[in-house]
Amino acid sequence: MPSAERIEELLELSEPRHLPSATPIARFEIRYSRYLDPKGNPVRPLPDFARNSAELVSLYRAMVLARRFDAKAVALQRTGRLGTFASSLGQEAVSTGVASAMQAEDVLLPSFREHGGQLLRGVSPVELLLFWGGDERGSAFAEAREDFPICVPVGTHAPHAVGVALAFKLRWEKRVAVCIFGDGATSKGDVAEALNVAGVWNLPVIFIINNNRWAISVPVSRQTAAETLAQKAIAAGIDGEQVDGNDVIAVREATARALAKARTGGGPHLIEALTYRLGDHTTADDASRYRSSPEVSTHWAEDPITRLRNYLVAERIWGKTDEEKLLGEVTGVIERAAEEYLATPAQAVEAMFDYTYQTLPKDLVEQRDAALSAARK
Ligand SMILES: Cc1ncc(C[n+]2csc(CCOP(=O)(O)OP(=O)(O)O)c2C)c(N)n1
Ligand SMILES: [Mg+2]
C-alpha cells in the first residue's frame, strides 16, 4: 500500500481524463436504420428496390425457405440423421438481405448461421445437409463456386475475407468480399486485425455482424463495454453503421449501399445487423439454462418473416392462397433435398483426412491408416 503522501503525489500527477482546455479533434456517430417496424408498418419511404413487389416476394420466399430448411435440419438431427446443427431461426433477414444485394461474382464468406443467404446464392440444400452431416462434399458448391464454405471457427474467416478482397484489388476486379460473423466474433483478434488492415489497404470488403445478442451463453453486455458493435469500425478508420437486422429491407439497403461504395474504390464497410437468436445456440445447447422465456417471447414479436408478410398483406401483394402455395412449394424443395441427402452413400472413411493438407503430416498418416483398417474390420 503506498503511503498517504505518495497517493497525494500520484493524484496530482494524474490528469483529469477530459481536460477542460483540450480541443476535440474528432467526432463520430453511429447511425441506425429501419424501414419496417416490427408490425410491418413503414416508418420512412422505402428504397427503390422495395417498390418492386416481385423483389419483395423473392426476399420473403428466401426467408421462408431458410426457416423450412432449419426446421427440417433440426428434425433430422433429433432423429440421429444429421450432426450438430446451428439454426438461424429468427435471423433469416440478415443473410437473406445481404445475399440479395450481392452480385453473382462477389464472394460470400459465411459463418454457420447463413444458410438463407447461401441458398439464395445457389448453394443447394442438399449440399448444406451434407456439410452438417459431416460430409466434405457439402462444401464443394456446384454453383457459387467461389463462395467460401461454412466457417465454424469463430471469426477466423475475417482475415480470409481481407485476402479475397486484396486479390480483387490487385487484379483490378470490380468484386467485393462479404464476410458475416456473430457478435461474439467481434471480440476476436482475427476480426479486429481484419478490420484494421482492410481500412489501411482500402479494400473492397464488407463485414456484417450478425448480432443475435448471444454468443452461446454470453450476452453482448458481457462481450464488450462499447455502446454498439458497429463503432468497432471507427478505430479501423472505416465506415460503420447499425441496421435493424429483422428488417430485410434495411439489411438489403445498407448492404447495397456498402457494395456500391466498395465496388467503386470507396473501401470497406461494417454493418451491425441487430437481430435475435430465437432458438438454441445449436442442437447441442439448451438456451433455457441461461436466458428467460419472457426475453425470447419479446423477440418473437420482432420476427422478420411475419414483419415482411404483414407489409405484403397490407399492400395487397400477398394473400392466403399465395402463402399456401409458397409453403407447399418450399416444403417440397426441402423434403426432396432431405431425401437426396439421406440417399447419398456415405463418403469413404479416409475422406476426412484428404481435404485439408496437400501432404498429410506423419501423425495424420498414422490416423488415416488406423481409420482405414478399423473400417475394414
Ligand atoms: C475459435 C473458436 N472458439 C470457440 C468456438 C466455440 N464456439 C462456437 S460458436 C461460439 C459462439 C459464437 O458466438 P457469435 O459469434 O455471437 O455467433 P452466434 O453463434 O451467436 O451466431 C463459440 C464460442 C469456436 N467455434 N471457434
Ligand atoms: Mg451471437
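This is a predicted model: local features need pLDDT of at least 70, side-chain atom pairs count only at pLDDT 80 or more; totals for chains, interfaces and linings use all residues.
A search of the whole structure finds zero disulfides. Cys 151 takes part in none, and the nearest cysteine sulfur to it belongs to Cys 179, 7.8 Å away.

Next, the metal site. Which protein residues supply donors to the magnesium ion, ligand 2? They are Asp 183, through OD, Asn 212, through OD1, and Trp 214, through O, and these donors lie 2.1 to 2.2 Å from the ion. Along the sequence, the donor residues follow the spacing D-x28-N-x1-W, and of them, Asn 212 and Trp 214 are both buried.

Staying in that part of the chain, I would like to point to the backbone. As a general rule, most residues other than glycine have a negative phi. Arg 213, however, has a positive phi, near 75°, and its place is in the loop between strand 4, residues 205-211, and strand 5, residues 214-215. With a relative accessibility of 28%, Arg 213 counts as partly exposed. Ile 216 is not a glycine either, yet its phi is positive, at about 50°; this residue sits in the loop between strand 5 and strand 6, the latter being residues 218-219. Ile 216 has a relative accessible area of 42%, and is therefore partly exposed.

Finally, a pair of helices. Two packed helices are described by the angle between their axes and the distance between the axes. Helix 6, residues 157-170, packs with helix 7, residues 189-200, at an angle of about 20°, and their axes are 7 Å apart. Since angles under 35 degrees count as roughly parallel, helix 6 is therefore roughly parallel to helix 7, and their crossing is left-handed. As for the residues that meet, helix 6 brings Ala 158, Pro 159 and Val 162, while helix 7 brings Asp 190, Val 191, Ala 194, Val 197 and Ala 198.

Conventions
Residues are numbered from 1 along each chain as its sequence is written. Chains are lettered from A and ligands numbered from 1 in the order in which they are written. Side-chain values use heavy atoms; hydrogens and water are left out. Donors are N, O and S atoms within 2.8 Å of the metal (3.2 Å for Na, K and Ca); water is not among the atoms, so sites may look incomplete. Buried means under 20% relative accessible area, exposed over 50%, partly exposed in between (1.4 Å probe, protein chains only). A disulfide is a pair of cysteine sulfur atoms within 2.5 Å. Axes are lines fitted to C-alpha atoms, for helices over the stretch in contact, and angles run from 0 to 180 degrees between N-to-C directions. Helices (H or I, at least four residues) and strands (E, at least two) are DSSP runs, numbered from the N terminus. Angles under 35 degrees count as roughly parallel, over 145 as roughly antiparallel, 65 to 115 as roughly perpendicular and the rest as oblique. A crossing is left-handed if the near helix is turned anticlockwise from the far one by less than a right angle, and right-handed if clockwise. Contact means heavy atoms within 4.5 Å.
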